[in-house]
There are 2 protein chains.
Amino acid sequence: MTNKLNSYNLTKSEEDYLKALFHLLIDDSKGKVGNNQLADYLTVSPASTNNMVKKLKTKGYVVSEKYGKLELTDDGRSIAVRLIRKHRLWETFLCKYLNFTWDEVHDVAEQLEHIKSQKLINELDRFMDFPKKDPHGEVIPNAEGEYSILPKVTLSSLEEGSVCQLVSVNDGSVTFLKYVSEIGLVLSSQIKVIEVREFDNSIKIEFNNTQETVTKKFADNVFVKII
Amino acid sequence: MTNKLNSYNLTKSEEDYLKALFHLLIDDSKGKVGNNQLADYLTVSPASTNNMVKKLKTKGYVVSEKYGKLELTDDGRSIAVRLIRKHRLWETFLCKYLNFTWDEVHDVAEQLEHIKSQKLINELDRFMDFPKKDPHGEVIPNAEGEYSILPKVTLSSLEEGSVCQLVSVNDGSVTFLKYVSEIGLVLSSQIKVIEVREFDNSIKIEFNNTQETVTKKFADNVFVKII
DNA sequence: TTAATTTGTTAGTCATAGCTAACTTATTTA
DNA sequence: TAAATAAGTTAGCTATGACTAACAAATTAA
């Protein structure tokens, strides 16, 4: 690991690309993350992505062969994890101290994660007494950049009759998060899968003594622990 | 006042120029703030400033005649005051909750003031119980953008024998702020002017039962209240 | 295995916001 | 008041990071 990490001279855009690539590499564990996929994730043209990837390669954060899959170097990964740490700590702060709701935090945290100050983020961490998880249930990487990636079980993968506990939710979409709160689900909610309908993969679930039918798309974004 | 203020579509640079111009218009109450003066303040070329001023004029935030002095419109002033409010609230937060020192806060607050979220700043204000002054003793504008500009008395303007209390310090220079802390001055420190040396305008002051000689340049940046 | 489609790349354009160099207008001051 | 200096402006350049359009390579399907 070089000392590039301390100099912190990346632009907001460069940081965004590295973080996006990191998320894609984790989620799509199928092996390959390509240029257009990254472009899509960032809602940016493939040409822009191609340019930026080229730049990040010369800077030593990304590795790829021409027409090949994209990968992160240790440095690149380290920067991404630090960004995720910042993002999740800010989200935690906004929810716990500034009355933000689940669905409001993301956009603001997206801005705050680019603030450059080691002291700021470590003091914020200390101020909140070193929280382990963010408001969406995601693990917060520590100051050393250690990031335990827990294997994720989606609600959609369960069989009829399973009982589980809500561990975390995908924080990518505001409308999704609003929906989750509206029907009354919170972290640690106990959920029972009543019925899986083969026709459209929708699922009838029960929690808080109420029943609700959700789509597969919804259940794909809800992560649970079987109990 | 238009509703431009709520749309908040200014770039970081545009915001920086408006804030800088606002500060210059207050400090240099001699009447005229010019293009080069603004360039100097922002350590940017006069050409860049000229471009930006042109842009801010078409956007309705700045008024000036060709080769004439620069002025802010109500909208321009309002944006500047909101930035100052954000800057000072963040500084207060950093000092009171995150163990930042006087001289460390400025750079980070300079970044944080550009975060776009009305809720964020108003909740931060509430969280800190609506502080009236920032760590350097400067007044924090309220949510309505009301900003009481107190007339400033510099330590350098006092006569021999005067006794005063430190009200605020100029927060523009890190080295200056470090110097102030190092010799032991804090807000509310009681200071007596022992001697004003005509030769180089240096001043011998007494506080906390110690004596210290400071330059005029130093005393120009220390604001006091005569008691 | 050829054709169609998807994916990746390149070239050239645009806006923002900086710069230098050259020039014009204003203001001093000799 | 004329020359010197300061202040303001313009033209033209640079880098970043978007974009579209055109093209090349790789993959999939017929």
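**Close-up 1. Helix H4 (residues 46-58) of chain B in a predicted model.** H4(B) has 13 residues. From first C-alpha to last, H4(B) reaches 19 Å, close to the 18 Å expected at 1.5 Å a residue (1.5 Å times one less than the number of residues). Helices (H or I, at least four residues) and strands (E, at least two) are DSSP runs, numbered from the N terminus. Residues are numbered from 1 along each chain as its sequence is written, and chains are lettered from A in the order in which they are written. In this predicted model, local features need pLDDT of at least 70, side-chain atom pairs count only at pLDDT 80 or more, and totals for chains, interfaces and linings use all residues.

Close-up 2. Thr49(B), Met52(B) and Leu56(B) are buried (20 or more other C-beta atoms within 10 Å of their own, C-beta atoms being placed from the backbone).

**Close-up 3. Packing partners of H4(B) and the residue Gly60(B).** The buried residues of H4(B) pack against helices H2 (12-27), H3 (35-41) and H5 (74-97) and strand S1 (62-63) of chain B. Gly60(B) follows H4(B). Its phi is positive, near 85°.

**Close-up 4. Chain B against chain A.** Here 13 residues of chain B are in contact with 13 residues of chain A (C-beta atoms, placed from the backbone, within 7 Å). Helices H6 (105-112) and H7 (118-127) of chain B each give two or more residues to this side of chain B. H7(B) gives the most, with 4 residues.

Definitions and conventions
Two residues are in contact if their C-beta atoms, placed from the backbone, lie within 7 Å. A residue is buried if 20 or more other C-beta atoms lie within 10 Å of its own, exposed if 12 or fewer, and partly exposed in between; C-beta atoms are placed from the backbone.
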